[in-house]
Amino acid sequence: MRKIIALIIGAMLALTLFGENRIVVSKKEMTLTVYNDSDSVLLQTGISCGRYFGNKTRRGDNKTPEGTFKISMIQPSSSWTYDFKDGKGKRKGAYGPYFLRLKTPVSTQIGIHGTCFPELIGTRTSHGCVRIHNDEMLKLVKLVKVSTEVTIEKD
C-alpha cells in the first residue's frame, strides 16, 4: 500500500515539476514551434496552411482555424489516402505518418499532419490543416500527447 501511495505522489510531483509542452503555429511566419513549460524551443519547422487568409468559419472554406485548441487524437495515418483531383487518383500516404486531430468548433477534420507534397511546405495550399515535413512529424509526435495545447495565431 505504501508503494502505491509513493508512486501516486511521485507521479503527481512529476506532473507539477515537469509541465506540458505546447505548440504555437504562426500562419504569418509559416512555422510550427513546440515549447516546453520553460518556453524553451524543442522543435521549430516550416508549415503549409489553409489556402485562404483568415479564421475558419465553416467547413470547406480552405482557411486554417485561429485560436487555442487541444489535440483530441493522435492517429497513425501512413495508410490513409486522398484524391487531390489532379488526375492521379487516390494517393496513399497523403497525410504523412501521423494526424494530430484538433478539437475545433468548426470541424472535426482539422489537424496537424505530414504531407506527400514536401515541396509545398511554406505555401498556402491546404484545405485548413497544418502540414509539416514527414520527418518533422516523426519528431513532433514524441513531444506531444492527447490534450496538448495548440495555439494557431492570426494571419
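This report walks through the fold, the aromatic rings and one core leucine of a predicted model.

A word on the ground rules: residues are numbered from 1 along each chain as its sequence is written, and side-chain values use heavy atoms, with hydrogens and water left out. Because the model is predicted, local features need pLDDT of at least 70 and side-chain atom pairs count only at pLDDT 80 or more, while totals for chains, interfaces and linings use all residues.

**Overall fold**

The protein chain has two helices and 12 strands (DSSP runs numbered from the N terminus: helices are H or I with at least four residues, strands are E with at least two). Reading from the N terminus, the order is α-β-β-β-β-β-β-β-β-β-β-β-α-β. Of its 155 residues, 41% are buried (under 20% relative accessible area; exposed is over 50%, partly exposed in between, with a 1.4 Å probe and protein chains only). Among contacts with a separation of 6 or more, 53% join residues 24 or more positions apart; contact here means heavy atoms within 4.5 Å.

**Aromatic rings**

Rings of Phe, Tyr and Trp (its six-membered ring) pair if their centres lie within 6.5 Å; planes under 30 degrees apart are stacked, over 60 edge-to-face, and the rest tilted. By this rule there are six aromatic pairs. Here are two of them, both edge-to-face:

| Pair | Centre to centre | Angle between planes |
|---|---|---|
| Tryptophan 80 and tyrosine 95 | 5.7 Å | 75 degrees |
| Tyrosine 82 and phenylalanine 84 | 4.8 Å | 70 degrees |

The tryptophan 80 pair bridges distant parts of the chain: tryptophan 80 is in the loop between strands S5 (67-76) and S6 (81-83), and tyrosine 95 is in the loop between strands S7 (90-92) and S8 (98-103), 15 residues apart. Zoom out and you get one aromatic cluster made of Trp80, Tyr82, Phe84, Tyr95, Phe99 and Phe117.

Elsewhere, the charged end of arginine 124 sits over the ring of phenylalanine 53, 3.8 Å from its centre (the cut-off: NZ of Lys or CZ of Arg within 6 Å of the ring centre and within 35 degrees of the ring normal).

**Leucine 100**

Leucine 100 belongs to strand S8 and is buried, since its relative accessible area is 0%. Setting aside neighbours within four places in sequence, leucine 100 touches residues including Ile71, Met73, Ile110, Leu140 and Val144. Cysteine 129 lies 29 residues from leucine 100 in sequence, with 9.9 Å between their C-alpha atoms.
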